Structure formats: structure tokens, C-alpha cells
Amino acid sequence: MAQLHWMILTLSTLCAFLPVLHASAGDADPIYKSCVEQCEKSGCVGNKCFQHCKFSSDGKPIDGPWYMQEPLYLRWKQWDCRSDCRYHCMLAREEEREKLGDKPVKYHGKWPFQRVYGIQEPVAVALSALNLAMQFHGWISFFILLYYKLPLKQNKRTYYEYTGLWHIYAILSMNSWFWSAVFHSRDVELTEKLDYSSAVALIGFSLIISILRAFNVRDEAARVMVAAPLLAFVTTHILYLNFYKLDYGLNMKVCAAMGVAQLLVWAIWAGVTRHPSRWKLWVVVGGGGLAMLLEIYDFPPYRGFVDAHALWHATTIPFTYLWWSFVRDDAEFRTLTLIKKVK
Ligand SMILES: [Zn+2]
């Protein structure tokens with residue numbers, strides 16, 4: 001359940017900010033709109049001008065080697081120009097609003113963040129990196145426990161029946177945090193799709209693992225029966241998001257449904273099991289629930305840096321630690337039980 005908590009965290013993390021890119025108060029403002037329009041033509045906001053906005057009259061970049069004159073490069077340039085214009089018009093508009101005593105508003109679904117070295121949300125990026133490091137630490141310590149500390153079978157395989165599943169889980173979660181860091185650095189369509197797809201894959205796999213572990217499914221055929229329909233569903237959903245329609249509302253429902261399902265599975269299991277480390281599950285589930293309030297209570301970034309979503313990423317760090325600690329306990333507990341049976 002910790003996992004599920006954790007998952008819910010992640011899922012919220014990744015899904016909760018899906019509904020982002022649609023019109024928000026900030027970008028509906030006519031002053032902001034005309035600023036962006038002006039900027040895309042002139043390449044300047046006030047006395048700040050942007051390199052990326054330099055286009056010659058026929059639409060080709062002014063200078064650079066042949067490969068930089070390709071249409072693809074031009075498209076990148078236009079994206080960068082638009083993104084610089086939006087950013088600086090937002091800063092200018094927010095400054096004006098602040099002077100009038102108005103509170104910050106969202107632009108294109110996101111709070112006005114201060115960029116640092118071109119990174120959109122430096123705090124969320126740093127926290128995503130820390131989460132990735134925690135996952136890596138948890139995975140390595142799990143690996144060392146299983147292969148170097150606990151006894152192995154004669155064929156050098158582990159007694160613990162869920163080893164492979166946790167390896168996959170570790171890889172999917174590290175992948176997901178990696179793309180989360182990239183997405184918070186710069187949100188363009190590509191980074192957004194990669195981030196959402198990784199999150200969906202992680203949440204889907206976590207649901208599978210929760211069912212297999214809580215119901216003690218050890219038989220290979222039974223595992224396939226549980227996993228196959230879920231894998232098919234998750235794969236279809238990812239393909240739908242990437243190649244048909246990036247539907248934020250639908251994705252949030254799918255993520256929430258899979259998240260709540262695994263939360264229930266772990267919570268019910270934690271309630272009935274005599275597992276020695278069940279309290280860890282409870283902590284992660286309870287704590288995760290509280291942390292989710294952060295995603296519901298969405299406040300603007302403090303000094304342009306720390307918003308509710310960034311804090312949420314901070315809370316997943318201790319839960320990740322506790323979660324892997326539960327997984328290690330589970331590996332030890334199962335191994336000792338199995339060895340006793342053999343003797
Ligand atoms: Zn995030």
C-alpha cells in the first residue's frame with residue numbers, strides 16, 4: 001500500500017498537472033495576448049529582445065550552416081521564440097498586476113515561475129532528481145540484500161518470488177522521475193507526452209504488482225492472467241494519448257482509477273495481513289493521503305519558486321525511502337518463511 005500511496009502520489013504528481021495547457025485567467029487577459037502577438041512579430045518585450053525571434057522576411061533563418069536552415073530547425077526556433085515571448089510577457093504582466101495589488105494568476109495552466117538558467121521550474125526539477133536518486137538508492141539496497149545478504153537457491157535465484165517485478169518497478173519509476181525532471185525543465189509537447197506516458201506506465205505496473213503481491217499470486221499462469229488485460233489497457237491508453245489525442249481529463253480519470261484501485265488493494269491487505277512491516281504500509285498510505293491535499297490546495301509559487309506541486313514532489317522523497325524499506329522487509333520475511341518450510 002505504501003506503494004500504492006506512493007503511486008497515488010506519483011500519479012497525482014504526474015496526472016494532476018495534466019489539465020495544464022488550457023486557457024487560464026492569465027493567458028485570457030487581452031493585455032498579455034497583445035503583448036505576445038507584438039513580441040512574435042518584433043522579437044522584443046519592452047527593451048528585451050530574443051535571439052530566437054530573428055527571422056528573415058522569407059521565413060528562413062538569417063545565418064548559420066545548411067543544417068540550421070532546415071524547416072525543423074526553423075520550427076524549433078519558432079517554439080523558442082513563442083516560449084520566450086510568453087515568458088517575458090507573463091513576467092511583465094505579473095509585475096504590473098503586483099503593483100495594482102492583484103494576486104498571481106495562471107498562464108497556460110501554470111503558475112508564473114521564475115526561470116533559472118532557462119529552467120522553468122527549478123525546484124520541481126531538483127526534487128524530481130532527488131526522487132530519482134531515492135528510487136535508485138532503494139533499488140540498489142534491495143538488490144544487495146537479495147543477492148549478497150540473503151541465501152540464494154542452488155540455481156542462484158532468489159527465494160523471494162517478487163524480485164523480478166520489483167526490478168521492473170524500479171526501472172519504471174526511475175524512468176518516470178527522469179522525464180518528470182525534463183518536463184519541469186521545459187514543457188513542450190514532446191516532453192509532456194514522455195512524462196505522461198512514463199507516469200501511466202508506472203501507475204499501471206504498480207497496480208499489477210499490488211494485486212500480485214497482496215493476493216500472493218505466485219503461479220506463472222495466474223500472473224499472466226492478471227497482468228495481460230491490465231498491460232493491454234495501459235498500452236492502449238498510452239498509444240491513445242500519444243497518437244490520437246492528449247486528453248487531460250480522460251488521462252486524469254484513468255490515472256486516478258488505477259491509483260485508487262491499488263491504494264485500496266494495499267490498504268485492505270495491510271488491514272488483514274500479519275506481515276511484520278505492515279505499519280510501514282500504513283504510514284505511506286496515511287501520509288500519502290495527507291500529501292495529496294497539496295495537490296488539491298493549489299497555491300501560487302512562493303517568490304516564483306515553490307508551489308504546491310513542488311512541495312508534493314518533496315513529500316514523495318521520504319515515502320519512497322519507507323516504501324523501499326518495506327520492500328526489503330518483505331523480501332527478508334518471505335525468504336525466511338520459505339527457508340523454514342524447506343527445512
Ligand atoms: Zn511534477
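## Where α7 meets α8

Let's start with a helix pair. On the α7 side, Lys193, Tyr196, Ser197, Val200, Ala201, Gly204, Leu207, Ile208, Ile211 and Leu212 meet a set of α8 residues: Arg223, Val226, Ala227, Leu230, Val234, His237, Ile238, Leu241 and Asn242. Sorted by class, the residues of this contact are 13 nonpolar, 4 polar and 2 charged. Here, "in contact" means that the C-beta atoms of two residues, placed from the backbone, lie within 7 Å. Nonpolar covers Ala, Val, Leu, Ile, Met, Phe, Trp, Tyr, Cys and Pro; charged covers Asp, Glu, Lys and Arg; the others, Gly among them, are polar.

A quick word on what you're looking at: this is a predicted model, in which local features need pLDDT of at least 70 and side-chain atom pairs count only at pLDDT 80 or more, while totals for chains, interfaces and linings use all residues. Residues are numbered from 1 along each chain as its sequence is written.

Two packed helices are described by the angle between their axes and the distance between the axes. For α7 (residues 189-214) and α8 (residues 220-243), the axes come within 10 Å and cross at roughly 165 degrees. That makes α7 roughly antiparallel to α8, and α7 passes α8 in a right-handed crossing. Axes are lines fitted to C-alpha atoms, for helices over the stretch in contact, with angles running from 0 to 180 degrees between N-to-C directions. Angles under 35 degrees count as roughly parallel, over 145 as roughly antiparallel, 65 to 115 as roughly perpendicular and the rest as oblique. A crossing is right-handed if the near helix is turned clockwise from the far one by less than a right angle, and left-handed if anticlockwise.

## The whole chain

Stepping back, the chain has 11 helices and 2 strands, running α-α-α-β-β-α-α-α-α-α-α-α-α from the N terminus on. These are DSSP runs numbered from the N terminus: helices are H or I with at least four residues, strands are E with at least two.

How much of the chain is buried? Of its 343 residues, 36% are. Buried means 20 or more other C-beta atoms within 10 Å of a residue's own, exposed means 12 or fewer, and partly exposed is in between, with C-beta atoms placed from the backbone. Looking at contacts between residues at least 6 apart in sequence, 79% join residues at least 24 apart.

## α5 and α6

Helix α5 (residues 122-149) packs with helix α6 (residues 163-185) at an angle of about 165 degrees, and their axes are 8 Å apart. So α5 is roughly antiparallel to α6. The crossing of these two is left-handed, and their contact divides into 14 nonpolar, 8 polar and no charged residues. Among the α5 residues that take part are Trp139 and Phe142, while those from α6 include Trp166 and Trp177.

## α5 and α11

Helix α5 also comes up against helix α11 (residues 308-342): the axes come within 9 Å and cross at roughly 5 degrees. The two helices are therefore roughly parallel to each other. Their contact has 15 nonpolar, 9 polar and 2 charged residues.

Ser141 lies in α5 and is partly exposed, with 16 C-beta neighbours inside 10 Å. The C-alpha atoms of Ser141 and Ser325 are separated by 8.9 Å, although these residues are 184 apart along the chain. Setting aside neighbours within four places in sequence, Ser141 is in contact with Trp324 and Arg328. Leu145, also placed in α5, counts as partly exposed with 18 C-beta neighbours inside 10 Å. Beyond residues up to four places away in sequence, Leu145 touches Leu150, Arg328, Ala331 and Glu332.

Lys156 is exposed, with 7 other C-beta atoms within 10 Å.

Asn216, in the loop between α7 and α8, has a phi near 55 degrees, again positive in a residue other than glycine. Asn216 counts as partly exposed, with 13 C-beta neighbours inside 10 Å.

## What the record says

An unreviewed UniProt entry annotates "transmembrane region" over residues 123-147, 159-179, 199-217, 224-244, 250-272, 279-297 and 309-327. UniProt positions follow the numbering used here, feature names are shortened, and annotations may be inferred rather than shown by experiment.

In the model, residues 224-244 are 95% helix and 0% strand, with end C-alpha atoms 28 Å apart. Residues 250-272 are 100% helix and 0% strand, and their end C-alpha atoms lie 33 Å apart.
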